[in-house]
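I opened my notebook to look up a few things in a protein model. Come and read along with me.

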Amino acid sequence: MGNPHTPSDKSGMRINKFIAHAGVCSRRDADTLVEQGRVKVDGEVVTEHGTRVHPGQHVEVDDSTIQLADFDYILLNKPKDTISTTDDPKGRDTVLQAAGIPDNNPKGMFPVGRLDRNTTGVLLLTNDGDLAHRLMHPSFEISKIYFVRTREPVKPHQLDQLQKGVELEDGMAAADRVTYIDQRINKTDVALEIHEGRNRQVRRMFESMGHDIVQLDRAKYAGLATGKLDRGRWRRLRPHEVRSLRKRVNLK
């Protein structure tokens with residue numbers, strides 16, 4: 001008899017899908033793990049993308065057992081002084097702690113992208129590796145809207161420059177849209193929309209024009225907004241919100 005998880009067997013779940021649904025990584029990254037011989041099924045290394053996993057079989061990645069987990073989706077209104085990572089060796093507060101996720105993180109939750117320590121606002125936490133990978137992939141051009149407060153007023157020609165593009169050390173960066181939140185009140189509060197996700201991009205764009213940001217808040221991410229969710233609070237996404245996210249990145 002052949003091996004029960006050979007590629008020719010069409011029952012069961014493909015190994016890359018199993019790994020993604022266990023919250024380890026995206027299917028594409030799971031394929032790489034398989035190619036590198038880092039995946040075992042019932043103690044045997046598998047290197048074929050078509051390998052299938054059946055109920056009751058034991059799967060390991062890097063010698064650690066993984067299991068299917070129900071997908072979970074949490075919207076956090078990220079507070080200041082929290083790190084966008086699953087754990088911090090320096091003992092600083094993480095976004096998982098802010099969302100009430102236990103230290104052992106039983107569902108394998110992780111933040112989708114990063115907000116720096118002092119940036120607040122919309123942050124998605126999930127264990128859906130496929131969705132997370134696509135939301136962060138540049139080809140899907142996921143929209144992000146930030147509210148920016150600067151120390152000094154931003155001049156009108158500087159708003160134009162932000163939309164035309166400013167030179168950063170890693171290349172040109174441009175806003176999709178940028179405007180004063182209410183110029184009748186002040187010109188230090190600016191709303192900016194981008195679809196890129198480079199490290200500290202918004203801060204660096206303003207710094208390139210000599211502006212110091214004193215407050216930075218992500219107001220929207222992929223259509224998600226905090227709404228009435230107070231800073232530091234969280235809630236689970238509603239089914240229609242999950243469907244909308246998956247539709248944005250062509251996932252069923």
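My entries below go from the whole protein to single residues.

**Ground rules.** I am working with a predicted model, where local features need pLDDT of at least 70, side-chain atom pairs count only at pLDDT 80 or more, and totals for chains, interfaces and linings use all residues. Residues are numbered from 1 along each chain as its sequence is written, and side-chain values use heavy atoms, with hydrogens and water left out.

**Whole protein.** The C-alpha trace spans about 75 × 35 × 35 Å along its principal axes. I noted that 47% of the 252 residues count as buried (under 20% relative accessible area; exposed is over 50% and partly exposed in between, with a 1.4 Å probe and protein chains only). I also looked at contacts (heavy atoms within 4.5 Å): among those between residues at least 6 apart in sequence, 64% join residues at least 24 apart.

**Q158.** Where does Q158 sit? I found Q158 in helix α5, residues 156-164. Q158 counts as buried because its relative accessibility is 12%. Leaving out residues up to four places away in sequence, Q158 touches P153, M209 and H211. With H211 there is a polar contact between the two side chains, at 2.8 Å (a pair of N or O atoms within 3.5 Å; within protein, one must be able to donate a hydrogen and the other to accept it, and residues adjacent in sequence count only if both atoms are side-chain atoms).

**Two asparagines.** N105 has a phi of about 45 degrees and lies in the loop between α3 (95-98) and β8 (110-111). N250 has a phi near 60 degrees and lies in the segment after α7 (239-248). Buried or exposed? N105 counts as buried at 17% relative accessibility, whereas N250 counts as exposed at 62%.

**Aromatic rings.** How many aromatic pairs are there? I got one, using rings of Phe, Tyr and Trp (its six-membered ring) with centres within 6.5 Å; planes under 30 degrees apart count as stacked, over 60 as edge-to-face and the rest as tilted. The ring centres of F71 and Y73 lie 6.4 Å apart and their planes are at 70 degrees, so this pair is edge-to-face. F71 counts as partly exposed at 27% relative accessibility, and Y73 as buried at 10%.

Technical notes:
Helices (H or I, at least four residues) and strands (E, at least two) are DSSP runs, numbered from the N terminus.
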